[in-house]
Amino acid sequence: MEKFDAVIIGSGLGGLLCANILSKEGYKVCVLEKHFQIGGCLQNFTREGCTFDTGIHYIGRLGEGEVLHQYFKYFGLTEKVKLKKLDEDGFDVIGFGDSDEEFKYAMGSARFAEKLSENFPEEREALKKYSETLNEISDCFPLYNLNEIKTNIDETEFFTKSAFDFIASFTENKRLQNVLAGTNLLYAGVKEKTPLFIHALINNSYIESAWKVVGGSSQIADVLAENIINDGGTIIKSAEAKKMIFEGHELKSVELANGERIEAKYFISNIHPSETLKMIDPDQTRSVYRSRLLAIENTISTFNLYIVLKKESFGYLNYNYYYYDTNEVWATGNYSKENWPKSYMMITSADPKNNEFAESITVLAYMTYEEVKKWENTKVEKRGEDYEEFKKERAEKLIDVIEKKFPDIRKHIKSYYTSSPLTYKDYTSTKEGSIYGILRDCNEPMRSSISPRTKIPNLFFTGQNIILHGVLGVTIGAVVTCSEIVGMNNLISKIKNA
Ligand SMILES: Cc1cc2nc3c(=O)[nH]c(=O)nc-3n(C[C@H](O)[C@H](O)[C@H](O)COP(=O)(O)OP(=O)(O)OC[C@H]3O[C@@H](n4cnc5c(N)ncnc54)[C@H](O)[C@@H]3O)c2cc1C
């Protein structure tokens, strides 16, 4: 049996970044990926010549001098991944079903406040205070800046106050409250639960600068995989980890679905903590820890519509469009069959031959797992006609709603494809296809947070469940996980000097 220094279960962004860090530090790593394709949410797929992203549509703070740019430099991504900056004057546009007014998020703290003041002139000071506070909050998280910046803010509130209450503390204007929460789909926010730090870190990162990966986010996975191989690491695809094997209380190896065992000194799980726990004999962990992780609540899932457009028919939008049927942004995950979808997010991709036009559109709308549960024991592309009919009916309903803001959209559609919560469940093994993994709850901050350290000394967690989801959150998570093995100061100084 070949023995590694570190085995990493899952080749999502977190797993690949950890493997990069450790192999750069001279560790012999092995990444195990259940699918035939690496990347998890970084995966793309192609239909009729159009490349569609599945789980990374845009990324914040990637401009030169910004924090993610520095991390990307360390990982050798800056020169190899092609980026396009979204509209500085409106990278996200929020619209509501009850009005024709549009609300634009502009890049840069001051410009963000100024731009929205055009819609809300009487709220100029509130908007300035809001965007300045986002900066101050972000400054309290050293890895979000790669600097220790001291502020006077009470940090407990970041985890115990809700994002909803946080926003309401700046303005009583209901429309503005909804506009500031208008990118809710970026964090699957729940009014009573989502803590303010999630909203603040995510909104702040995109307000700093917002970028798309041109040609598909799988490029990130490809570069990271190439680095691992160049540094002497191993990546095994179609290798599903099934069981953790112990000698006494010491974790020794991971057993794959085919029965093969891979031995290592350290183990990093890039998969959902509850899925990880299922691989461990209950005797190896305390039952309180086990039952907490197995019962942890997850964020909602999405139904996705992937549209192939007729050539040079629909203009490319260098921004993302968020729609809400009413002035109740936080409530759109609670829907009935009749009023679905209550919101959506729409992203266009430029035609590489003529950037004025879009070649495709991706639309995401919240969907609960309950809606597709009856097909959970079926396999991809073999779920049956009733499932296909369900998806078609929902796609048509979604297009009906899109038509309210883009009235002639149907005439531009050449064809479309769809995915459901089952697709995410099958491709990333997230419980119930959850979009961002665990749901953080400001009422129970400790119960709903996951430490990279587990109760097993040589097993660590990484990925979207430990610090925060998204490219920046998962990158910081990988640094925190690997610092348990290689030391934080050593690692940070290498990242800063990259
Ligand atoms: C619809 C959607 C849209 C999103 N949009 C954005 C966006 O625009 N910008 C942004 O920054 N973030 C976005 N995100 C979030 C972001 O994609 C994720 O937070 C991040 O990619 C998760 O990375 P991860 O490391 O946790 O791993 P994951 O991507 O969850 O990957 C886990 C990997 O582990 C593998 N695996 C599972 N079980 C096993 C096993 N037993 N053995 C071996 N391998 C296994 C899976 O196959 C998968 O490859 C989006 C997510 C979704 C779902």
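Two residues are in contact if their C-beta atoms, placed from the backbone, lie within 7 Å. The model shown is predicted: local features need pLDDT of at least 70, side-chain atom pairs count only at pLDDT 80 or more, and totals for chains, interfaces and linings use all residues. Residue numbers start from 1 along each chain as its sequence is written.

Figure 1. Leaving aside neighbours within four places in sequence, V7 is in contact with C30, L32, V254, I262, A264 and F267. A nonpolar core is a set of buried Ala, Val, Leu, Ile, Met, Phe, Trp, Tyr and Cys residues joined through C-beta atoms within 7 Å. Burial is assigned by counting other C-beta atoms, placed from the backbone, within 10 Å of a residue's own: 20 or more for buried, 12 or fewer for exposed, and partly exposed in between. The largest core has 144 residues, and those with the most contacts inside it are A6, V7, I8, V29 and L32.

Figure 2. Domain bounds come from an automatic or database domain assignment. The protein is divided into domain 1 (3–42 + 55–79 + 215–295 + 443–496), domain 2 (110–210) and domain 3 (300–433). The centres of domain 1 and domain 2, taken over C-alpha atoms, are separated by 29 Å. Between these two domains, 18 residues of domain 1 are in contact with 16 residues of domain 2. On the domain 1 side, α2 (67–74), α15 and α16 (488–496) each supply at least two residues, and α15 gives the most, with 4 residues. Helices (H or I, at least four residues) and strands (E, at least two) are DSSP runs numbered from the N terminus. By class, this side of domain 1 has 10 nonpolar, 5 polar and 3 charged residues. Here Ala, Val, Leu, Ile, Met, Phe, Trp, Tyr, Cys and Pro count as nonpolar, Asp, Glu, Lys and Arg as charged, and the others, Gly among them, as polar.

**Figure 3. The shell around the ligand.** The ligand is surrounded by 38 residues, of which the closest are G10, G12, G14, G40 and G463. A residue is near a molecule or strand if its C-beta atom, placed from the backbone, lies within 6 Å of it. Helices α1 (13–24), α14 and α15 (470–486) each supply at least two residues of the shell. The shell comprises 16 nonpolar, 18 polar and 4 charged residues. Domain 1 and domain 3 both give residues to this shell, so the ligand lies between them.

Figure 4. Strand β3 (residues 44–47) and strand β4 (residues 50–53) pair in the antiparallel sense over 4 bridges. Two strands pair if DSSP finds at least two bridges between them. F45 stands opposite F52 in β4. The hairpin has 2 residues between its strands, and E48 in the turn has a positive phi of about 50°.

Figure 5. β5 pairs with strand β9 (residues 210–213) over 2 bridges, and I59 stands opposite W211 in β9. R61 is found in the loop between β5 and α2. Phi of R61 is near 60°, a positive value in a residue other than glycine. R61 is buried, with 25 other C-beta atoms within 10 Å.

**Figure 6. A cis peptide bond and a positive phi.** The peptide bond from W340 to P341 is cis, with omega near -5°. P341 lies in the loop between β15 (320–324) and β16 (343–351). Elsewhere, E432 has a positive phi of about 55° although it is not a glycine. E432 lies in the loop between α14 and β19 and counts as partly exposed, with 18 C-beta neighbours inside 10 Å. Most residues other than glycine have a negative phi, and most peptide bonds are trans.

**Figure 7. V93 in strand β7.** V93 is placed in strand β7 (residues 92–96). V93 and K104 are 11 residues apart in sequence and 4.6 Å apart in space, C-alpha to C-alpha. Leaving aside neighbours within four places in sequence, V93 is in contact with E102, F103, K104, Y319 and Y321. V93 is partly exposed, with 19 other C-beta atoms within 10 Å.
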